[in-house]
Amino acid sequence: MITIGQKFPAFSKTAVVSLEKGKEFETLTSDYLVNDDNVWTVIFWWPKDFTFVCPTEIAEFNKNYGEFRDRETRLIGASTDSEFVHHAWRMNHDDLRDLKFPMLADTSKSLAEDLGILEPNEKIAYRATFIIDPTGIVRWVCVNDLNVGRNVKEVLRVLDGLQTDELCPCNWEKGQETLTA
């Protein structure tokens, strides 16, 4: 599995970015992750569209979209389903219609494979979350088993800590003192 300190793999994938006719899809590439504007990226993966735990996570990331934006951080959701499945799911699920971030389609499973997050039997992605700094380097990875949803507040807490570029003690939260060595 790709880990902290490694460059996020190169990719070029189609993503659902809108439900507006003619503007549904865009191509996202790994170039999108690297920037001089100090913008971070959080990419989170779910196993399958049209399932039970996955929309709860996606909706929670969307609910906290402003929190990520306030931290100059882009959100990208991803699974190994196609862009057409993503689009259909968004159209037919009340909690997903108004997503503010792209849903990346890794139908070839090449990116999930490069990341090392494919479940070996079904070849679907684990619930993996990557925080990527503006240079394209992975700074945090968390992977949950298929049955357990992640905690979006913890993703934000870790992002806050990384963005301080200081030593953050156990249970540290934004606004609290950091450590001095």
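Biologist: Which cysteine has the sulfur closest to that of cysteine 142?

Modeller: A search of the whole structure finds zero disulfides, a disulfide being a pair of cysteine sulfur atoms within 2.5 Å. For cysteine 142, the closest cysteine sulfur is 15 Å away, too far for a bond. That sulfur belongs to cysteine 54.

Biologist: What pLDDT do local features need here?

Modeller: Residues are numbered from 1 along each chain as its sequence is written, and side-chain values use heavy atoms, with hydrogens and water left out. This is a predicted model, in which totals for chains, interfaces and linings use all residues, side-chain atom pairs count only at pLDDT 80 or more, and local features need a pLDDT of at least 70.

Biologist: What is the relative accessibility of cysteine 170?

Modeller: Buried means under 20% relative accessible area and exposed over 50%, with partly exposed in between (1.4 Å probe, protein chains only). Cysteine 142 is partly exposed, with a relative accessible area of 27%. Cysteine 170 is in no disulfide, the nearest cysteine sulfur, that of cysteine 168, being 11 Å away. Cysteine 170 counts as exposed, and its relative accessibility is 70%.

Biologist: What is the order of the strands in the open sheet?

Modeller: Strands (E, at least two residues) and helices (H or I, at least four) are DSSP runs, numbered from the N terminus. Two strands pair if DSSP finds at least two bridges between them. The open sheet has seven strands with mixed pairing, in the order β2-β1-β5-β4-β3-β6-β7.

Biologist: Which strands stand at the edges of the sheet?

Modeller: Strands of a sheet pair through backbone hydrogen bonds, either parallel or antiparallel. An edge strand here has a single partner strand, so one of its sides is left without a neighbour in the sheet. The two edge strands are β2 and β7 (138–144).

Biologist: In which sense do β6 and β7 pair?

Modeller: The two strands form a hairpin with five residues between them, and glycine 136 in the turn has a positive phi of about 90°. Arginine 127 has asparagine 144 in β7 as its bridge partner. Over six bridges, the sense of the β6 and β7 pairing is antiparallel.

Biologist: Which residue of β6 stands opposite valine 42?

Modeller: β3 (40–45) and β6 run antiparallel and are joined by four bridges. With β4, by contrast, β3 pairs in the parallel sense over six bridges. The residue of β6 opposite valine 42 is isoleucine 131.

Biologist: Within what arc do the buried residues of α1 fall?

Modeller: In α1 (residues 53–63), Cys54, Pro55, Glu57, Ile58, Phe61 and Asn62 are buried. Seen down the axis, they line one face of the helix because the arc, that of the directions from the helix axis to the C-beta atoms, is limited. The face turned away from this buried side carries the exposed residues Thr56 and Lys63.

Biologist: What is the relative accessible area of tryptophan 140?

Modeller: Tryptophan 140 lies in strand β7. Its contacts (heavy atoms within 4.5 Å) include Ile4, Phe130 and Leu162, not counting residues up to four places away in sequence. Tryptophan 140 is buried, with a relative accessible area of 16%.
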